[in-house]
Every structure is written in C-alpha cells, then in structure tokens.
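Hi,

Here is the structure I promised to pass along.

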Amino acid sequence: MGRPYYIFSNGRIKRKENTVYIENENGDKKAIPVEDIDTIHLYGEVDLNTKLLNFLSQQNKIVHVYNYYGFYAGSFMPRDRNVSGELTVRQVEHYLDPERRFFIAFSFVEGAMFHMIRNLREYKDTLEFQEKIKTELANASETKSINELMGCEGRARDAYYQAFNTILNNGFSIEKREKRPPGNPVNALISFANSMIYSTVLSEIYHTQLNPTISYLHEPRERRYSLSLDIAEIFKPLIADPVIFKLVNNNMIRLEDFDEDVNCCYMNETGRKKFLKEFDQKLTTTIKHRKLKRNVSYRTLIRLECYKLIKHLIGDELYTPFKAWW
Amino acid sequence: MNANIDIDFNNLKTTGIKVNYLYVCERKLWLFDRGIQMESRSDKVLMGKLLGDNSYLREDKKEILIDNLINIDIVGDDEIREVKYSNRLAHADRIQILYYLYYLKQLGIEKRGVINYPKMRKREEIALTSEAEREVEIALMRVKEILMLNKPPQLQRKPYCTKCAYYEFCWG
Ligand code: SF4
C-alpha cells in the first residue's frame, strides 16, 4: 500500500513507463514508483496531462486538488471499480428512514464529542467547556430530528473552540469560528486541518464500496461527498486538532506562517509544510488495535470506521463510533 | 446412490469461486456475492497470478470461460487442470474442480480433474464419482441458500481468518 504525496511546488507531473515524475519550476525531477503512491495532494500550480491521469486511474490512485488558500477544491478519482449495488440500496434505505438515519447521525456526533472532551481533558482550566459539551451530548440523545441534533453539535463545537483560547499559547487565539473565509490564523489552521481530514476520509471511503454522496448527519446535498463530512466529524478532534495544539504550543508554527489577503487569512507554504509533516506523522502512527490484536495506523482506523458502517448498513453489526481508548 | 435426485441445474449454477468460498467461509461467500470485496493488494493474490501465468509455459495453456461463470485454467484432451498456490484450502479447491467437471458433464463433456501445486511439486487427481456429483449438488443448493440470506452469516473464527482479505472488515 502506498502513501500520500503532498506536492507544493509549481511545475509538472508526468508519467514515464511505470514511474511518476514530479518536476519543479527549476527543472528538478523526482521519480516516484507508482506502487509507492496512494494519493497525490496538489497545492502548487501543477500541469498534468491525460496520459498521467489515465495511468493513475488504471493504477487506482487518487488526486486531491487544493486552491490557492489551501482549501479542498476537488478530486480526480479513478473510475469506480468498487461498487456494490446492494450496499448503495441499503445506504439509501438508512437515509430515508428517519429513525435509522438518526441512529447513524447521532453516532457520528457522539464520536465527535467524545474526542472533543478527550482532547480538552489533557489541558487545565477546560472543565467548564467539557461540561458544556457533555450537556450537549446528553441533549443530543434526547432530540428527535437531525436539525436539533445539528444544533446540539453546533453548540458543543462552539464551546470546544472557545476552549482553544485556554489551550493555545504563543499569541494564538480564536474569537469565534469562522469558516468562509477564515479571518485569523487559528481559523485558517482549523480550516486547513479540516480540509485535510476531509480528503483523507474521502480517500479511505473510495477504497471501500460506500457511496460517498449518501450521508446521514449532513444532508447529501450539502457537498458532493457529504459522507466524508460525516465520518470526518469523528476524526477531526482525534487526528487534526492534536496536531494543531502541538504545532502552536511548541512554537513550531508561528504567525509568520500565515498570509492575509483582502479578508481571508490562510497558511502559506511553509505553514502548510509544517502542518502536513506532523499530520502525516500522526496518520502513520500506529496503535495496538484491541480487537484485531494488530498494530494499525490512524489512517487505517478511518478505513475500519468505513467497514463498521458497512457492517451496520448490511445488518451485520450495529455501528458504534470509534472512541480512542488509550 | 441418489445421483438421480433431480436438481434444477440452470437455477443453481454459479461461479467456481463461489462454490470454492462456500467451503472457505460462508460469510466471505455472502459478502463477495454482494460486491463487498476487498482490494487485492495482498502479495498472495499476486503470487497466485504469477504462478498461474508462468508455471506452465511449456504446455499449450488453454484457458476457457463458459457462460461467464466457469473459468478453467487449463483444458487438455481428457483432463482439466487448476493451479493452486498452496493446499491450505485443499478441500475448497477440490469442490471447485469437481464443480467444473460436473458443469462440463451437463454440457456432455466428460473429463478428469487435476490440481497442481507447483510450489509443492504435487499433483492431485480428481474424479467425478457419483458421490462427488451428489456433493456438488448439495454444495450448489447450499450456495443458493446462503446467498438468499438478508444479511451475512454470523461471524465465526476460522484458523485462517487472520490471513483472509476480510480480516479487518470482519474483526475490526
Ligand atoms: S475473516 Fe474469517 S470470518 Fe471473515 S470472511 Fe475471512 S474467513 Fe470468513
């Protein structure tokens, strides 16, 4: 199994035989054997041709593209070879039935809140925020509609981001969470991190038969691959936020790593590189899986989450969201 | 012998791999049938392919595909042959080739079967006796039954689960 490649430089990517060449503006070339690739993330301005795309498609490799500000723009995904009509039908069935939809949607919220609280527990003076999230989790289990559920989740998330001001040092703070466009460095960092979780989850979904457009917590029309948004909820606080805390509090990322443009704040190339280095390291970190009795990476945990959802949908085993136990 | 019990072969016929999976794991059979398949990035699959491709270069290798269901590795004048990487699932491999022999017999072709284990320099002869025919029929009916289930058969630990492509799916 290959690994993700993050390309920052402007230049060109091409195929020559079974090797992918990345060439930057100065003509420096780097060769990557195709087996070594799982996903290519493009941040720079890159030229590529159909010969490369055909090759990547044939080899079942994904390309994610990000815009100038580092936000997810879209993906090239090989022709879907992993389809299961049966599973798609069951995904829809669970969407259409309000009770079944709620069960899954609530599970995602539960997993997300569990990891939010778990993060806060590591830091002093966050008790009040933990309590707020707990209250919202209790409220969420009483709600009946996805709308109300979303409301609880939103309030819990507000409390969680408020706690960032207590957690983050070195002059980083967040007044309120602003997504589009992010107005300050913390918001920019969170947005970039969330983009990365989103595309990483999407890559994992792609390797299963799940249809990424049918979702439960988010409305399927919200974004093209809304199931990715759903599953990302659990993994944002588990994978992305600890990376943010580490980078900021160890003074690894600084205010110079952000640029501002009219009214958008975004991470520049050095900032992105620092983030992705830690992010990638986190994704490849392994933990001993209690049930599998094997070491699995954080990235594999995302794949396993997809499997659990499939098992739920086909009536095999009830879904419970992943909750880090260590 | 009850070889004369009528079965509706047309309604029961299936692929060789599914008959094989019946003996490997009923759950795997169900999942595979519903298109819930695991990516084949395991070296073992690759090894199987390489073996299949290279081991018998000297023979006139004739692969045949019947009805889009039956894909026989090597068809000779009076025998059909399958090439297998290991005999870990010999029982399952045996029923698969018996099924091919059975299938051919329905088409009026009678042959013997051979399984080659090139890595172990071993070959096994397989004949379609009337007991074996009955065994195939029972297997076909069982496949049908399992595939009609609304959900996958329950999880049951097998000695080879950890080597199965579905391991993380089933046990994670
Ligand atoms: S892991 Fe075990 S139970 Fe699951 S499909 Fe494979 S053999 Fe069957």
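Across the interface of chain B and chain A there are 10 residue pairs in polar contact, with both residues at pLDDT 80 or more; keep in mind that this is a predicted model. On chain B, the elements that give two or more residues to the side touching chain A are α3 (26-33) and α7 (167-171). The top contributor is α7(B), with 5 residues. Sorted by class, that side of chain B has 9 nonpolar, 5 polar and 6 charged residues.

The count of salt bridges between the two chains is 2. One of them joins the side chains of B:Arg34 and A:Glu86, at 3.3 Å from N to O.

As for the extent of the interface, 20 residues of chain B are in contact with 24 residues of chain A. Together the chains bury about 2,000 Å², and 47% of that is on carbon and sulfur atoms. B:Glu39, B:Glu168 and B:Phe169 supply 29% of the area that chain B buries against chain A, more than any other three residues.

Now for the fold of chain A. Chain A has an open sheet of 4 strands in the order β4-β3-β2-β6, with mixed pairing. Its edge strands are β4 (29-33) and β6 (46-47), each of which pairs on one side only. Strands β2 (residues 11-16) and β3 (residues 19-24) of chain A run antiparallel and are joined by 6 bridges; A:Lys14 has A:Tyr21 in β3(A) as its bridge partner. Helix α1 (residues 50-58) of chain A packs on the sheet, where it touches β2 and β3, and its direction makes about 60 degrees with that of β2(A).

Best wishes

Methods:
Residues are numbered from 1 along each chain as its sequence is written. Chains are lettered from A and ligands numbered from 1 in the order in which they are written. This is a predicted model: local features need pLDDT of at least 70, side-chain atom pairs count only at pLDDT 80 or more; totals for chains, interfaces and linings use all residues. Side-chain values use heavy atoms; hydrogens and water are left out. Contact means heavy atoms within 4.5 Å. Buried area is the accessible area (1.4 Å probe) that two parts lose on being put together, summed over both. A salt bridge is a side-chain nitrogen of Lys or Arg within 4 Å of a carboxyl oxygen of Asp or Glu. A polar contact is a pair of N or O atoms within 3.5 Å; within protein, one must be able to donate a hydrogen and the other to accept it, and residues adjacent in sequence count only if both atoms are side-chain atoms. Ala, Val, Leu, Ile, Met, Phe, Trp, Tyr, Cys and Pro count as nonpolar, Asp, Glu, Lys and Arg as charged, and the others, Gly among them, as polar. Two strands pair if DSSP finds at least two bridges between them. Axes are lines fitted to C-alpha atoms, for helices over the stretch in contact, and angles run from 0 to 180 degrees between N-to-C directions.
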